[in-house]
Amino acid sequence: MAKKQFKAESKKLMDLMINSIYTNKEIFLRELISNASDAIDKLHYKSLTDDSIKVDKKKFGIHISMDEGNRIITISDNGIGMTKDELENNLGTIAKSGSNVFKEENKHKKDIDIIGEFGVGFYSAFMVADRIEVKSKAYGSDEAYEWVSEGIDGYTIEPCEKEEYGTDITLTLKADTDDYSYSEFLHDHEMEHLIRKYSNYITYPIRMKVSHSELKKGSKDEYETKIEEEVINDMVPLWKRKKDKIKDEEYNTFYSDKFFDYEEPVAVIHTSAEGLVSYNSLLFIPSHAPYDFYTKNYEKGLQLYSNGVLIMEKCKDLVPDYYSFVKGVVDSPDLSLNISREILQQNNALKTIAKSIENKITKELEDLLLNDREKYEKFFKAFGSQIKYGVYDNFGVNKDKLKDLLIFTSSKEKKNISLKEYVDHMDKDQDSIYYVCGETIDKIDLLPQVESFKEHNYEILYCTDYMDEFVLQTIGTYEDKKLVNISKENIDLSSEEEKKELDKKNEDAKEMFEVMKDAIGDVKEVRFTNRLKNHPVCLVSAGDVTIEMEKVINAMPTDEQIKAEKVLEINVSHKIADKLLNLYKKDKEELKRISKILYAEARLIEGLSVENPTELASLICDELVK
Ligand code: ADP
């Protein structure tokens, strides 16, 4: 029979597997056992939801055998099996899980990363085998087929004999090399060790023949070898075991196996709840965003089990959008198996579980923020934008739940602090929480407005994320302290006396400001200010739209353009103030020219562009040659 070719992507991945120098070749076993377990899950689920399918649950299981002489390992399951078409489609191409990732990631990464990062599934068997046979009979079918491949040049599928439904996978191991002893996998103790290491919590029994040395009957020192078939795995899923009996390492292995993450999670939340609704859950907060997290392909959700049987791979209703990064499993005996997606949404038990899970996650994050700042910062770097989004989404309905999870860089020591910490640090008579927005911390530090706040020893939150401003506006007040953007209008830190004096100066110069405003054209107001120390000018916004918002929204690829109402402020104690007053009396035309230059300066300091650079250049040049 003619050989069929693998699809191009599969070929690439296979090539990678065949020539892999990856030291962790043993993971092939985990992949094949997990496929076998999935296949049994599928049949199990079907049997529970379809009365016409009658299978004996007690017979479900996986069987592993080795033939040392022929260098063969066989992994058999009595799961759902595959039809001829399924063999073709599932094993001739990389399943959806692998292919896209492979294409994207393979450009930059070495094979080690790919294998560590994602489940590569069935093809990983080519790391250890140079021939693979897959005999399969789909449940309910009379025909069985055999898929055979010796590697990259293709595969064949032919009818074969197979008594029971399910799948047998036979690997012929590669010859040993100086670097790697594939024969190890043929020894029952090594195999037993690997099954326990990787597949201990597979919920079906994994059986294998194991040899034991036993004292011969009636003898004190003579041993005999007995070979017996045993169930190797513990089967109880990790989430159903007692918390205090589980090592961190076990959680981490479970997490990386199940969710294909090569980095340890920042937090593990293991809960066992009894009451109106009982459930076990095992949740993980990853330490970095998955490669597709910020794309529309990412699907949130937790695995949902009913008494150990998987009923949904990604149950969206269990986690709110702002916690979409959470991975994990939920198992509840109070959910029925053939629950449909629509019914699930209105299911009260599910709602109760979701609520309780959300509280657990919030509490865990709050604890992390308090007790392990380094980890929390790592988390926030990866998923902080989710929390921020949660604060302002839906007109801020969830802001109170989430506001304590926010952190910002503080002007003091440039450390990350929460709103709570800000309030705890501040003087009793300070009535506002000050923040300022800008592109980077360094740029913010250079803003004229920041100067006098630092001078007065006020702590300022530096907001460098474009969402920050929306977030803080949504929150509005925190513990009765108003959140105040210092780039916005009228924050005067000076004394009452100084304020009065300033008001008078502004009043006296009213007409001059009108002339300046007309010359500039683009400002709502020109005035003197007390808030600048050394800088001559700054630009602040007057309305709800701030200058940062103008920058952010106008940079977005939409047609929407907005404009902040701008106020040009002039440092009342700077020499330029006197100069302007003087020009107003003596040379109005010069006053207009200088006004334009000052406005352009203020725009540049704010990170806005100058609308007419040519005009600005000649204005400056005229001044230089005077
Ligand atoms: P993944 O398990 O990530 O989908 P694999 O490459 O491991 O990718 O497997 C591809 C597909 O082949 C599986 O999704 C499944 O449909 C099918 N498959 C693999 N092994 C078995 C098996 N033992 N029984 C039934 N189907 C299987």
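The model is predicted, so local features need pLDDT of at least 70 and side-chain atom pairs count only at pLDDT 80 or more, while totals for chains, interfaces and linings use all residues. Residues are numbered from 1 along each chain as its sequence is written, and side-chain values use heavy atoms, with hydrogens and water left out.

Let's begin with an open sheet of eight strands, in the order 5-4-3-6-2-1-7-8 and with mixed pairing. Strands here are DSSP runs of E with at least two residues, helices are runs of H or I with at least four, and both are numbered from the N terminus. Two strands pair if DSSP finds at least two bridges between them. The edges of this sheet are strand 5 (155-160) and strand 8 (223-231), each of which pairs on one side only. From one strand to the next, the twist averages 20 degrees. Strand 1 (residues 62-67) and strand 2 (residues 72-77) run antiparallel and are joined by six bridges; Ser65 stands opposite Thr74 in strand 2. Helix 3 (residues 84-92) packs on the sheet, where it touches strand 3 (129-137), strand 4 (144-149) and strand 5. Touching, or contact, means heavy atoms within 4.5 Å. The direction of helix 3 makes about 155 degrees with that of strand 5; axes are lines fitted to C-alpha atoms, for helices over the stretch in contact, and angles run from 0 to 180 degrees between N-to-C directions.

Leaving aside residues up to four places away in sequence, His212 touches Glu224, Thr225, Lys226, Glu228 and Glu230. The side chains of His212 and Glu230 also make a polar contact of 2.6 Å. Such a contact is a pair of N or O atoms within 3.5 Å; within protein, one must be able to donate a hydrogen and the other to accept it, and residues adjacent in sequence count only if both atoms are side-chain atoms.

Next come the nonpolar cores. A nonpolar core is a set of buried Ala, Val, Leu, Ile, Met, Phe, Trp, Tyr and Cys residues joined through side-chain atoms within 4.5 Å. The largest has 72 residues, and those with the most contacts inside it are Leu318, Tyr323, Ile361 and Phe379. Helix 9 (residues 348-371) gives the most to this core, with nine residues. Because domain 2 (238-376) and domain 3 (406-486) both give residues to the core, it lies between them; the domain bounds come from an automatic or database domain assignment. A second, separate core of 55 residues includes Val55, Ala125, Met127 and Ile195.

Another open sheet has six strands in the order 15-14-17-16-19-18, again with mixed pairing. Its edge strands are strand 15 (416-417) and strand 18 (477-478). Strand 14 (residues 408-410) pairs with strand 15 in the antiparallel sense over two bridges, and Thr409 stands opposite Asn416 in strand 15. Helix 14 (residues 448-455) lies across strand 16 (432-437) and strand 17 (460-463), at about 150 degrees to strand 17. In the loop between helix 14 and strand 17 sits Asn457, which counts as exposed because its relative accessibility is 56%.

Our last stop is strand 22 (residues 566-571), where six of the six residues are buried, so the strand is largely enclosed by the rest of the structure. Lys566, Leu568 and Ile570 point one way from strand 22, and Val567, Glu569 and Asn571 the other. Strand 20 (residues 525-529) pairs with strand 22 in the parallel sense over five bridges, with Glu569 as the bridge partner of Arg527. Strand 21 (residues 537-541) runs antiparallel to strand 22, joined by five bridges; here Leu568 is the bridge partner of Leu539.

Lys566 counts as buried because its relative accessibility is 1%. Its side chain makes a polar contact with the side chain of Glu550 (3.0 Å), and a polar atom of that lysine side chain lies 3.2 Å from the backbone oxygen of Ala564.

Conventions
Buried < 20%, exposed > 50% of the residue type's maximum accessible area, 1.4 Å probe, protein only.
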